[in-house]
Amino acid sequence: MPALSRLSATTQGLINQIADELDPAALNWISGYLAGVAHARTSGATASLAQNGLALVPSIAAPAAEQKPATILFGSQTGNAQRVAEQFALRLQQAGIAHRLLRADRYKTRELKDEQLLYVVISTQGEGDPPDDSIAFFEFLSGARAPKLGHLKYGVLGLGDSSYPLFCGIAEKIDARLSELGAQRLLDTGLADLDIETVAIPWQNQAFELLEQEQVKQTTAQSNVTVLGPATHQNQYSRTAPYLATVLAHQIITGRDSSKDIRHYELSLEGSGIRYQPGDALGIWPRQNPKLVTAVIEQLELDPTETVRVQDQEHSLETWLSQYRELTQLTKPFLTELATRTNDSTLHQALSADGLSHLQRLLDTHQVIDALQRFPSQWTATDIVHSLRPLAPRMYSIASSQNVVDEEVHLTVANVQYTFNEQARWGVTTDYLAHIAEGDTVSIFIDANTRFRLPEDPDRDIIMIGPGTGVAPFRAFLQERSFTAGQGRNWLFFGNPHFHSDFLYQTEWQRALEEGELQRLDVAFSREQPEKVYVQHRLLEQAADVYAWIQGGAHVYVCGDAKQMAKDVHQALQAIAQQAGGLTPEQARVWLDELAAQGRYARDVY
C-alpha cells in the first residue's frame, strides 16, 4: 500500500488489522482523530490526546499556562444533560474559547482545587438523586475532602421534571455547596423542566457572554481543547425536527386476564437514514386525547376557538391544549399559580417547606383536570396556556437491533389507564399510541443513550435485569448479540405478575435458549405464589453465580422502575457482594460504584 510506505511492516500490519475490524463510520472518525494528533504534534501541543476513553481534539496549540480553560462538567442519566453540555461546548469551540468537556465520572476530583471556571450541567434523577455517572463527584463535593474554592467562578444548569417535588434538586445542592466552599457564582442557577431549551438557551447565552467578559477567548496562536465522547451517527431528524414514521404493527402482548395492557409496536424508518444502537431510546411526540381537552375547556368555561399568542406562536385554545401543553402531568409551578388564584390553605400547606409529602401525593395522584375541579378558580385562555408546562416528548427504550430489523424500530409500551374519582384517566403518550392503527404516522426521533451500551467486546458476558417493560432494551441486546455471534454469555432476569398472561416475548426467549443465544433465564412471577417474588429475590438466589459472572468481567444492566425496583436490585447486588464475595457493606458499596465507573453497571431507569 503506497499510502503506508513510510511505515514499518509491523506498523502497517497493525493498521491493516485495526482497519479490518472497523466499519466505515469508525474509519472516518479515526482518520479525523489521527489528523488531529498529527496537527497537535507539529504545532507543539502538550495536551494528551486521550483521557479516560474520551477523544481529545486539539487545534493549533496548548492554552496559555496563565489561563486554564473553562471546564464543562456534565452528569446525565438519559443523555439530555450531555446533549445540552455538548451544544454549549460546540458554541465555545466555534468562538475559539478555551474549554474542556467532561462527563462527571471521568473528572479527576483532585483537579477541582485548581479550577478557575467551572460550568456544571446536571440532571436530577428520581427523588432528588444524582444521575449514576455523577454519584462519585457529588459525594466528593458534599464530603469533608472537598477543597476551599475561593479562586473558582462557576455556573450550574439543572435539568429536571417539575412533576417531582425535588425539581432539579441536585443542581441546587451543587450550587449551594460550591458557594459554601467559597466559589463565586457567575450567573443564577438554571432550572430547566422537560421543555429544556426554554431555560437552557438563555442560560447558555448568559454563560457565553460572561466567558467573553472573563477574557478567556484565545488568540490565534493558542488552542481550543475540547474533550468529546465517542463519535456517534448524527441523524438528520431530532427532537425539534422529528420524523413521521409509519406504524407497521400494533399488537397487545399481554393476556386477556392480565391486569396490564402492554403493547408491541413496529415503526418504519424506510428511507429516513435514521440509525440507532441497542440501548437508545425513541422519542415520541404525542397529542392529548380530545375528551380531556374538552373537559379542561368546559371546566374553565372558555371558548375553544379563542386565539392565544405565546411569543411567535399563535393557535386556538383547543390547539394549544391538544398539541402543545401538558394535561396529564401536574407540576409544582402550576400548583403554585393555582394557589395564588384560590388562596386555598390545602395548596399553601402542600407548597410550604413542611408539606413535601402532601405535595408528592398531589403530584402523584392528580392531573391538571383533577386540580382544576378540586380547586375551582377563574382563568383566561391566555393565562391557562402560559401557566401549563409545554408538552414534551416521551422516551421509550428501543426493543430491537437495527442489524436484525433493518429500517424498523420496535417498542414495548405499557398502556397507562386508571380511574380517579370515578373518572377515566390515562398517560398522554400511551393513550395516544393505543389509538393509532397500522398505516398511521407518528412523530419520532432517536434519543441516544451512550451510557447504556453493550460491551465493545462481544465475548464479554452480560447480565440483564428487566422486569415488565424494562425488558425492552434486552430484546434489542439479545438480537444484537445473536447477530454479532460473539462468545459472551447472556443471562436475563425477568419479572411480571403472572406467567400465563404477562410473560412478555416468551416464545422469543425460549427459542433463544434452545438455540444457545440465551444461556440463562430466571423469571419472577410475583402473584403465582402466596409470597411475592421479584427479580431481586431471584438475583439473591443465584448470588454465587451472579458474583462469579461479574468477577469474571460480566457487564450488568438494569432497566425499569426507578422508584422501587432499581433501588431493590441495587441493594441486592450489594448483598450479593457481601454474601458471595465476603465484602463488608462499605466494600460492597465501593465495589458497585467501581463497576459503574468502569461502565460495567449501567441503569436505564424511569
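Which side chain makes a polar contact with the side chain of Asn 490? Keep that one in mind while you look at the model, which is a predicted one. Here are my notes, point by point.

1. **Asn 490.** The partner is Arg 481: its side chain and that of Asn 490 make a polar contact at 2.8 Å. Asn 490 also has a polar side-chain atom that lies 2.7 Å from the backbone oxygen of Glu 517. You'll find Asn 490 in strand S21, which covers residues 490-496. With a relative accessible area of 4%, Asn 490 is buried, because anything under 20% gets that label. Leaving aside neighbours within four places in sequence, Asn 490 is in contact with a list of residues that includes Ile 462, Met 464, Leu 478, Leu 518 and Trp 549.

2. **The sheet that holds S21.** S21 is part of an open sheet of five strands, and the order to trace is S22-S21-S20-S23-S24. The pairing is parallel. S22 (520-525) and S24 (601-605) stand at the edges, and each has a single partner strand, so one side of each has no neighbour in the sheet. Going from one strand to the next, the twist averages 10°.

3. **S23, S24 and a helix across them.** Have a look at S23 (residues 555-560), which pairs with S24 over five bridges in the parallel sense. Then find helix H21, residues 565-581: H21 lies across S20 (462-465), S23 and S24, and runs at about 155° to S23.

4. **Arg 394.** This one lies in strand S15, residues 394-397. Is Arg 394 buried or exposed? Its relative accessibility is 14%, so Arg 394 counts as buried. The side chain of Arg 394 makes a polar contact with the side chain of Glu 326 at 2.8 Å, and the Arg 394 side chain also reaches the backbone oxygen of Ala 392 at 2.7 Å. Not counting residues up to four places away in sequence, Arg 394 touches several others, among them Leu 282, Ile 284, Thr 328, Gln 329 and Val 428.

5. **H4 against H5.** Two packed helices are described by the angle between their axes and the distance between the axes. For H4 (residues 135-142) and H5 (residues 169-180), the axes come within 10 Å and cross at roughly 35°. The crossing is left-handed. On the H4 side you'll see Phe 137, Phe 138, Leu 141 and Ser 142, which meet Ile 170, Lys 173, Ile 174, Arg 177 and Leu 178 of H5. By class, that contact has six nonpolar, one polar and two charged residues.

6. Most residues other than glycine have a negative phi. Cys 168 has a positive phi of about 55° although it is not a glycine; Cys 168 sits in the loop between strand S6 (153-159) and H5. Glu 301 also has a positive phi, near 55°, and is in the loop between helix H7 (290-300) and strand S13 (307-310). How do their surroundings look? Cys 168 counts as buried, because its relative accessibility is 1%, whereas Glu 301 counts as exposed at 71%.

7. **The whole chain.** Now zoom out: the protein chain has 22 helices and 24 strands. Of its 606 residues, 50% count as buried. Among contacts with a separation of 6 or more, 77% come from residues 24 or more positions apart.

Terms used. Residues are numbered from 1 along each chain as its sequence is written. This is a predicted model: local features need pLDDT of at least 70, side-chain atom pairs count only at pLDDT 80 or more; totals for chains, interfaces and linings use all residues. Side-chain values use heavy atoms; hydrogens and water are left out. Helices (H or I, at least four residues) and strands (E, at least two) are DSSP runs, numbered from the N terminus. Buried means under 20% relative accessible area, exposed over 50%, partly exposed in between (1.4 Å probe, protein chains only). A polar contact is a pair of N or O atoms within 3.5 Å; within protein, one must be able to donate a hydrogen and the other to accept it, and residues adjacent in sequence count only if both atoms are side-chain atoms. Contact means heavy atoms within 4.5 Å. Two strands pair if DSSP finds at least two bridges between them. Axes are lines fitted to C-alpha atoms, for helices over the stretch in contact, and angles run from 0 to 180 degrees between N-to-C directions. A crossing is left-handed if the near helix is turned anticlockwise from the far one by less than a right angle, and right-handed if clockwise. Ala, Val, Leu, Ile, Met, Phe, Trp, Tyr, Cys and Pro count as nonpolar, Asp, Glu, Lys and Arg as charged, and the others, Gly among them, as polar.
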